[in-house]
Amino acid sequence: MEKIYMIPVNDAYSSDCDCPLCALSKKAEENELDYYLGPSLMEPDTRKITNKSGFCPEHLGKLNRREANRLGLGLMLHTHLKDVKEDISKDIESAIPSKASLFKGRSSDYKNKLIQAADKIDRRTMMCPICEKMNNAMTHYPDVITYMFLHDNDFKERFLNARSHCLPHTAVLLRAASRLSQNDAADFVSALYENNTKYFYPLIDDVEWFTLKFDYRNNDKPWGNSKNAIQRAMRFLAADRSDFDEKQSGNKK
Ligand SMILES: [Zn+2]
Ligand SMILES: [Zn+2]
């Protein structure tokens, strides 16, 4: 098992987070954002990729919010826009249907051309080297986690004591367990189930208490763990995203 993946896994399971796989994904993303806003943005090899790919909508937003290396970002966007123009402008132009006339008749060919041009634009706007590298890292981590769980007792302890694993990442770990022997899968999934329920079931009560706090009779009663129950429920259901950050919602009810 490769050490380069084991170190970040250990770090994530030692950190204070709702889901270590969310933490790993976030870390991989942060590294890539740093990389693409750093000096590499000007390196010919990187530029060759980003000129072609640009970034997906999510990561364009995250690059923008960093407010760093505006010049590099501008230069990259300039060459990327030119590349996209070369690639798709002609397709749009040639997709303009000719008017049906008495002599020419109607043809349904124009529909295919329009859809092809639309599909090409969709493919281009979804290309993203950050997503690609994150997906690549995230395909390795689940097998590293099951390996470490089965071979490293300290890690097994950390796994059991993790606060939770969100539902999307529970699914990822179940798939990793399907690649284990039956006995190993039995040990791993029992631990995952135990870890999952100890967070999942109280979370339902926490969200309920959040709603009950709107009742004036409960005004003076303590919040308990409910203050950020909405965001925690969202993170649990959908994995961590910056939209679910308590800071974004002002942590108000
Ligand atoms: Zn997660
Ligand atoms: Zn992306």
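Guide: Axes here are lines fitted to C-alpha atoms, for helices over the stretch in contact, and angles run from 0 to 180 degrees between N-to-C directions. The model is a predicted one, in which local features need pLDDT of at least 70 and side-chain atom pairs count only at pLDDT 80 or more, while totals for chains, interfaces and linings use all residues. Residues are numbered from 1 along each chain as its sequence is written, with chains lettered from A and ligands numbered from 1 in the order in which they are written.

Visitor: How many charged residues are in the contact of helix 2 with helix 7?

Guide: Contact is set by C-beta atoms, placed from the backbone, that lie within 7 Å, and in helix 2 the residues that meet helix 7 include Leu24, Glu29 and Glu32, with Lys133 and Tyr141 among those on the helix 7 side. Ala, Val, Leu, Ile, Met, Phe, Trp, Tyr, Cys and Pro count as nonpolar, Asp, Glu, Lys and Arg as charged, and the others, Gly among them, as polar. By these classes the contact of helix 2 with helix 7 has 10 nonpolar residues and 1 polar one, and the charged residues number 3.

Visitor: How many residues of domain 1 does its contact with domain 2 take?

Guide: The assignment, whose bounds come from an automatic or database source, gives domain 1 (3-131) and domain 2 (141-249). The centres of these domains, taken over C-alpha atoms, are 31 Å apart. The contact takes 18 residues from domain 2, and from domain 1 the number is 14.

Visitor: Is the crossing of helix 10 and helix 11 left-handed or right-handed?

Guide: The axes of helix 10 and helix 11 (residues 229-238) come within 9 Å and cross at roughly 145°. Among the residues that meet are Leu203 and Phe210 in helix 10, and Ile230 and Phe236 in helix 11. The crossing is left-handed.

Visitor: Why does Ala239 count as buried?

Guide: Ala239, found in the loop between helix 11 and helix 12 (246-249), has a positive phi of about 70° although it is not a glycine. A residue is buried if 20 or more other C-beta atoms, placed from the backbone, lie within 10 Å of its own, exposed if 12 or fewer, and partly exposed in between. Ala238 is therefore partly exposed, with 13 such atoms, whereas Ala239 counts as buried because its C-beta neighbours inside 10 Å number 21.

Terms used:
Contact = placed C-beta atoms within 7 Å. Helix = DSSP H or I, 4+ residues; strand = E, 2+ residues; numbered from the N terminus. Left-handed = near helix turned anticlockwise from the far one by under 90°.
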